[in-house]
Amino acid sequence: MSNQMSAFVKGFLAGFEPTPNVNIWQWADKYRVLPKGSAEPGNWRTKRTPYLKEIMEELSPQSPTSKVIVIKGTQLGFTEVGNNMIGYYIHIEPRAGGMWLPTDALAEKHAKKKLWKMVEETPVLKSRVSERRKGGGASKESSTILEWAFPGGSLSLAGSGSGSSFRSDSYSFAIKDDIDGFVDDVDGEGSPIELIDNRTDAFANRKIYENSTPTRANNSHIETEYEESDQREYYMPCPHCTPKDKEKQNIDNMVKFDFESFYFEYDKESFKLLSDEVVMICPHCGEKIEEYQKTWMMDWDNGAKWIPNNPGHVNRGYKLSSLYSPLGWRSWKDIILEWLKAQSKMKIGDTRLMKRWKNTRLAEVWEEDYSKLDIDFLKEKQEDYEIEVPFGVYVLIASVDTQEDRLEILVEGFGLDDESWVVDREILFGDPALPDVWEDLDRFLLNQTYEHDNGKMKIYATGIDSGGSKTKYVYQYCKPRYGKRIYALKGAKPVEAPAVTKRDAKRSKYKTTFFMIGVNQLKDVVWSNLSITVPGPTYTHFPKNKKFDDNFFEQLISEKRDNTGRWKKRKPTVRNEAFDLMVYTRATLEITGLNISKLKEPIFYNQTSQPKRKRRVISKGVI
């Protein structure tokens, strides 16, 4: 037969040959090459991350398991499991597959940075995957970045919001990476997590792999999926007391890396580590387990294994924290230092670092305490400003909430490290469908000045809510004032929508440039900032004056996240304008692109002297 025989004829003939009896991890150990730029380039070694072995076995065709779910900390190798799965099903048992990531941009980035490099570095894949061509879709003769062709199969990559990827093709294997970042709904057709599963229904031997770091309680896709599994955890022999006979090793005499079992010394006031010693205490014998010993402990040859907490469930579920990170990756000491830093922030009411630490290190969801903010707590933040715009403010941003019979305005000043000072609040009564109230807004936004120690300040930029029934009139007002930094805002529906996304005029019904804002994300920021108790980074200041009364502060705490992850009113009748306005000021600041840390001085309207340097006074001390 000619040496020029096409790869597809070879693939057809190869289909008559028996499938080699190797699973995914065995294939990866033999063929997979990690490209330059990887944490550990070179030949793949499953022994380096032994907790991945069973997972890859279950994703292999030899296992009857259809669905594997992993809830995990970060940087533990679980995305590479999906990559190995793709390599195996290209080389050993070709079939049609798909991989989804949270967004189209992430799908393309993963394809370019990881998957195509895997093909280039792994000879058995390079000889099979058709070469890429520019433009158009994949065909029997070629591939694109996101659409691959190879003998006997194909691969498609897409973002979780890509409706077209759920409508026609069927897949024998499906990979869902980082599902807590997935959109909630695809074009009104439902959850992408379920839609992807539906695309595999035609295959009795289907394989579904999904993984993610968790996010918030009652709003974490991966937590929900893990609960619908046999809920496995990785148990290991203690180097001091576990029975040497592996047949006698079980959950009662083995250990798992549980944060509560770790021992380290730290100063409870400053949250500083007092010693380099970070060890685990065995719950059975009380002996210290040092980090260098975890390599031996995690090795399956020494008896380490996944043990189910919910045995008998058809789906395989796995949970692993970053405490299992192999030596040379994230160390126990590094993880503890992160915890200490998060604890120090918690002391002043800032929960953001602890939320991230719990999600990314312990692989646990975060449950927000919505009871910690009340009117009295917020009123205690009120202070007598020495002047209208306190020292520390570099720029004034306004936001406007559009109601049926009025426009509500908030003016907020921003300084370094997201510290902010609420400066003013105004209500302009009038129907936004009529010109009078917009003329009043013009006079306010373009002429209002505020006293600062070093001069007068004007409002630098304004964001106006365009939702509701007055959209047309908001756009009519904003369109000719875009050059004056007056922007139309519209709330984005997806829970995980980015803070700000620009929409060009050609995409607008009213031919006006506007900005989609991630309301849920920005409300998280506002809520966290309101929780801070000590002036400084991310703290929000309020002035003592009659404009900021109990009603205003009640509006700030009018909402909480529901079980879908969306911010909703606590009561249908409560007003929430103040909360929305603080969201809009932050969105508008983002739109301006200002980097406050690079400003040499505040943005003045009429500077009267050189900026003065003051020492900022805070309660019970001077800094």
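The largest nonpolar core holds 74 residues. Such a core is a set of buried Ala, Val, Leu, Ile, Met, Phe, Trp, Tyr and Cys residues joined through side-chain atoms within 4.5 Å. Buried means under 20% relative accessible area, with a 1.4 Å probe and protein chains only; exposed means over 50%, and partly exposed lies in between. Tyr51, Ile55, Ile86, Trp148, Tyr209 and Phe257 touch the most other members. Helix 4 gives the largest share of this core, seven residues. A second, separate core has 38 residues, among them Phe414, Leu522, Leu530 and Ile591. In soluble globular proteins, nonpolar side chains tend to be buried together.

This is a predicted model: local features need pLDDT of at least 70, side-chain atom pairs count only at pLDDT 80 or more, and totals for chains, interfaces and linings use all residues. Residues are numbered from 1 along each chain as its sequence is written, and side-chain values use heavy atoms, without hydrogens and water.

Now take the sheet. Nine strands form it, open and mixed in pairing, in the order 5-6-4-7-8-3-14-9-13. Strands (E, at least two residues) and helices (H or I, at least four) are DSSP runs, numbered from the N terminus. Two strands pair if DSSP finds at least two bridges between them. Strand 5 (147–150) and strand 13 (305–308) stand at the edges, each with a single partner strand, so one side of each is left without a neighbour in the sheet. Direction ignored, neighbouring strands are turned by 20° against each other on average.

Inside the sheet, strand 3 (residues 67–72) and strand 8 (residues 207–212) pair in the parallel sense over five bridges. Val68 stands opposite Tyr209 in strand 8. Leaving aside neighbours within four places in sequence, Tyr209 is in contact (heavy atoms within 4.5 Å) with residues including Ile55, Val68, Phe78 and Met85.

Helix 4 (residues 78–91) also packs with helix 2 (residues 24–31), at an angle of about 85° and with axes 9 Å apart. Axes are lines fitted to C-alpha atoms, for helices over the stretch in contact; angles run from 0 to 180 degrees between N-to-C directions. Helix 2 is therefore roughly perpendicular to helix 4, a term for 65 to 115 degrees. Ile24, Trp27, Ala28 and Tyr31 in helix 2 meet residues of helix 4 including Met85 and Tyr88.

Val33 lies in strand 1 (residues 33–34). At 18% relative accessibility, Val33 counts as buried.

Methods. Parallel < 35°, antiparallel > 145°, perpendicular 65-115°, else oblique.
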